[in-house]
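Here is a short walk through one protein model. Keep the structure in view as you read.

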Amino acid sequence: MNYKEWIEQALEDLDTAKVLLTNGKYYASAFYSQQAVEKSLKSLIIYLGKDPGKTHSLTELIEMVEKEGVTMPINIKENLMVLSPHFIISRYLDAANGVPFKQYSKSISEDLYNRAKEVIEWVKENLQ
């Protein structure tokens with residue numbers, strides 16, 4: 001596995017989240033914001049010489065990063081905790097307690113996008 005390819009895909013997912021946000025597809029933007037962060041964390045774990053496995057849990061990925069001795073700032077952890085549930089909520093009616101696309105607004109998706117962007121910038125700093 002190549003960490004550079006993972007961060008490259010993470011950046012593409014973040015760009016996709018921005019395109020979807022701009023075009024009013026707020027639920028899909030939320031999903032891609034979460035995906036961008038997940039892939040960026042997997043990139044960092046691979047960079048640190050470990051296998052991130054197939055998990056989609058940002059909590060598990062946080063633990064893997066910290067186990068390797070990388071200190072994660074509180075604001076980055078908080079961003080991850082906010083983003084984490086959108087892997088499911090943005091796609092499944094039972095998880096969203098309704099139709100997913102109706103659960104998201106521009107402001108919610110903008111917040112998620114900005115949080116994802118901040119996490120990815122932090123990851124990129126740790127890849128150098």
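Bear in mind that this model is predicted. Start with helix α1. One face of α1, the one turned away from the buried side, carries the exposed residues Lys 4, Glu 5, Glu 8 and Thr 22. Now look at the helix as a whole. Helix α1 runs over residues 3-22, 20 residues in total. From first C-alpha to last, α1 reaches 29 Å, close to the expected 28 Å.

Which residues of α1 are buried? They are Ile 7, Ala 10, Asp 13, Leu 14, Ala 17, Leu 20 and Leu 21. Look down the axis of α1: these buried residues fall within an arc of 135°, so they line one face of the helix. What do they pack against? The buried residues of α1 pack against α2 (26-47) and α7 (106-126).

Next, check the ends of α1. Asn 2 caps the N-terminal end. A side-chain oxygen of Asn 2 lies 2.7 Å from the backbone nitrogen of Lys 4. Just after α1 comes Gly 24, with a positive phi of about 75°.

Another positive phi belongs to Asn 97, near 55°, and this residue is not glycine. Asn 97 is found in the loop between α6 (93-96) and α7. Is Asn 97 buried or exposed? Asn 97 is exposed, with a relative accessible area of 71%.

Now turn to charge. Side chains of opposite charge can pair when their charged atoms come close. The count here comes to five salt bridges. Three of them follow.

Go to α2. Glu 38 forms a salt bridge with Lys 42, and their closest N and O atoms are 3.3 Å apart. Both lie in α2, four residues apart, about one turn of the helix. An α-helix has 3.6 residues a turn, so residues three or four places apart point the same way. Glu 38 counts as buried, at 3% relative accessibility. Lys 42 counts as buried too, at 4%.

Arg 115 forms a salt bridge with Asp 111, with the closest N and O atoms 2.9 Å apart. Both lie in α7, four residues apart. Arg 115 is partly exposed, at 21% relative accessible area. Asp 111 is also partly exposed, at 35% relative accessibility.

Glu 121 forms a salt bridge with Lys 124, at 3.5 Å between the closest N and O atoms. Glu 121 and Lys 124 are three residues apart in α7, so about one helical turn separates them. Glu 121 is partly exposed, at 37% relative accessible area, and Lys 124 is partly exposed, at 30%.

Technical notes
Residues are numbered from 1 along each chain as its sequence is written. This is a predicted model: local features need pLDDT of at least 70, side-chain atom pairs count only at pLDDT 80 or more; totals for chains, interfaces and linings use all residues. Side-chain values use heavy atoms; hydrogens and water are left out. Helices (H or I, at least four residues) and strands (E, at least two) are DSSP runs, numbered from the N terminus. The expected span of a helix is 1.5 Å times one less than its number of residues. Buried means under 20% relative accessible area, exposed over 50%, partly exposed in between (1.4 Å probe, protein chains only). The arc is that of the directions from the helix axis to the C-beta atoms. Contact means heavy atoms within 4.5 Å. A polar contact is a pair of N or O atoms within 3.5 Å; within protein, one must be able to donate a hydrogen and the other to accept it, and residues adjacent in sequence count only if both atoms are side-chain atoms. A salt bridge is a side-chain nitrogen of Lys or Arg within 4 Å of a carboxyl oxygen of Asp or Glu.
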